[in-house]
Amino acid sequence: MRTLIKNGRVITATDDYVADILIEGESIIAIGQQLDEPADKIIDASGKLVMPGGIDPHVHLDMPFMGTFSSDNYETGTRAALFGGTTMVIDFVLQKQGNSLQSALDEWKSRSNGNAIGDYSFHMAVTDYNEDTRKEIKNMVEKEGITSFKTFMAYKGALMIDDRQMVGLMQEVKKQGGLINVHATNGDMIDYLVAKHKAEGKLSPLYHYLSQPEVTEAEASGRFADLANYTGCPGYIVHLTCEGALNAVRNATRRNQHVFVETCIQYLLLDAGLYEKDFEGAKWVMSPPLRQPKDQETLWAGINQGLVNVVATDHCPFKWEQKLMGKDDFSKIPNGHPAIEHRMELLFSEGVQKGRISLNKFVEVASTNAARIFGMFPKKGTLAVGSDADIIILDPNETHTLSAKSHHMNVDYSCYEGWQIHGKIKTVLLRGEVAIDNNECYIKKGYGRFIKRKKHTGF
Ligand code: URP
Ligand code: ZN
Ligand code: ZN
């Protein structure tokens, strides 16, 4: 099967030109002007932007968490992602404390195998680092193609590891050619503040926010950077939200250390004022919480300074009835918000259309950098001969409105209800197949493939 995309404005992290793209099977086989090649299907992309499919390296699908499961599974979650132009996601396998990494991977495979529509991979979250776990790291990297290892410095008593485990894990991961991702907030301090607020009868969603002040993130980000610097292990901070944490990363650059940084779309666009809405604020209860407008400015600047490398979602949706588990106690509200479908269009509309970032930067932080950092470039994350034909075609002139009534995520509210979006993803190809066209999905459950990743080789 050959598909020819004609006359689109082709944008990569570095290029911007009008050209045709010829696809054969799953890959791009030619890019050029006025390609006169036979094709089974011709797509006219005149007046539209043709870009690499989005990669969201931070999602939680069908995840057991806080006494429930995130409400999008691999089918609904990857389908919603495709509607929004994200052709690949990276999810997190969570080791159970006392159990092996392999048993956790088997559990996640049992939920994902044959169910995904879009492509996916896994990070391995190490919640119990010991001699047995250490021996499993090599196998994860070499055999399973899982080359990134997630750690939590928070969620005390559930997922958190201490610094002793962190240093040991970093040494082993470095040895095996992997990278450590971290949820960098100070779990002990948060645990204290949560208990204090509850003892004082302060139980509304606002106290979720007040239990995780900026210093909890700034301190842990600096500590993580120091440990990564000492061990020489590549480090990646997930969902970084605030000025204090970004300054810790900025400080690390002064000793020529490079700590990779991911923020999420919500931290660029929403602020902690939403926690003033009584229990409705539960929609935005996530960890870390939303911050202040000055932090949003820091993050946009950080993207343009090259300090923030990736814009992800931390998509972790819960239906309203699940959020109600915390009606009388903020610490029981399942943490997370739905965004997998809207990341690309929100970033385009609020970032590119409002002049905050360039088109090339958009592609870089929404796709290319994740592919580079997580060992998939240039198969994923760019438009080049030999790359997977994961392609989005975006009409920059079409406007539309976000709503729970029209989104495809399995959640009964939208955190962006009524937002006007300038730019619409019209067509999405995944490995050469038309996945989305004019609001219809044309590929089925099982098409999504697990992508084995290479070792981390730099940036
Ligand atoms: O609130 C969040 N972020 N939920 C998902 C788990 C995590 O910390 O990423
Ligand atoms: Zn987290
Ligand atoms: Zn997360």
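1. The side chains of Asp 188 and Lys 156 form a salt bridge, with N and O 2.8 Å apart; the term stands for a side-chain nitrogen of Lys or Arg within 4 Å of a carboxyl oxygen of Asp or Glu. The pair joins distant parts of the chain, 32 residues apart: Asp 188 is in helix α5 (residues 187–199), and Lys 156 is in the loop between β11 (148–152) and α4 (163–176). Helices (H or I, at least four residues) and strands (E, at least two) are DSSP runs numbered from the N terminus. Asp 188 is partly exposed at 42% relative accessibility, and Lys 156 is partly exposed at 43%. Buried means under 20% relative accessible area, exposed over 50%, and partly exposed in between (1.4 Å probe, protein chains only).

2. This is a predicted model, in which local features need pLDDT of at least 70 and side-chain atom pairs count only at pLDDT 80 or more, while totals for chains, interfaces and linings use all residues. Residues are numbered from 1 along each chain as its sequence is written, chains are lettered from A and ligands numbered from 1 in the order in which they are written, and side-chain values use heavy atoms, with hydrogens and water left out.

3. The structure holds 38 salt bridges. Glu 280 takes part in two of the pairs described here: with Lys 277, at 3.9 Å between the closest N and O atoms, and with Lys 283, at 2.9 Å. Glu 280 is partly exposed at 32% relative accessible area, as is Lys 277 at 39%, whereas Lys 283 is buried at 15%.

4. The chain is assigned domain 1 (2–51 + 383–397 + 420–441) and domain 2 (53–373); the bounds come from an automatic or database domain assignment. The domain centres, taken over C-alpha atoms, are 30 Å apart. Their contact (heavy atoms within 4.5 Å) takes 28 residues from domain 1 and 22 residues from domain 2. The area buried between the domains is about 2,000 Å², with 67% from carbon and sulfur atoms; buried area is the accessible area (1.4 Å probe) that two parts lose on being put together, summed over both.

5. One salt bridge is counted between domain 1 and domain 2. Arg 431 forms a salt bridge with Asp 119, at 2.7 Å between the closest N and O atoms. Both residues also belong to a salt-bridge network that includes Glu 26, Lys 379, Lys 380, Asp 388, Asp 390 and Arg 449.

6. On the side of domain 1 that touches domain 2, β1 (2–11), β5 (49–52), β16 (391–401), β17 (420–430), β18 (433–437) and β19 (440–441) each supply at least two residues. Strand β17 gives the most, with nine residues.

7. Lys 426 is placed in strand β17. Lys 426 is buried, with a relative accessible area of 17%. Leaving out residues up to four places away in sequence, Lys 426 touches Lys 48, Ile 393, Asp 395, Glu 398, Ile 436, Asp 437 and Asn 438.

8. Which residues does Thr 78 contact beyond its neighbours within four places in sequence? They are Leu 61, Asn 73, Val 89, Ala 116, Ile 117 and Gly 118. Thr 78 lies in helix α1 (residues 74–83) and is buried at 2% relative accessibility.

9. Helix α12 (residues 343–352) is largely enclosed by the rest of the structure, because ten of its ten residues are buried. Among them are Arg 343, Glu 345 and Glu 350.
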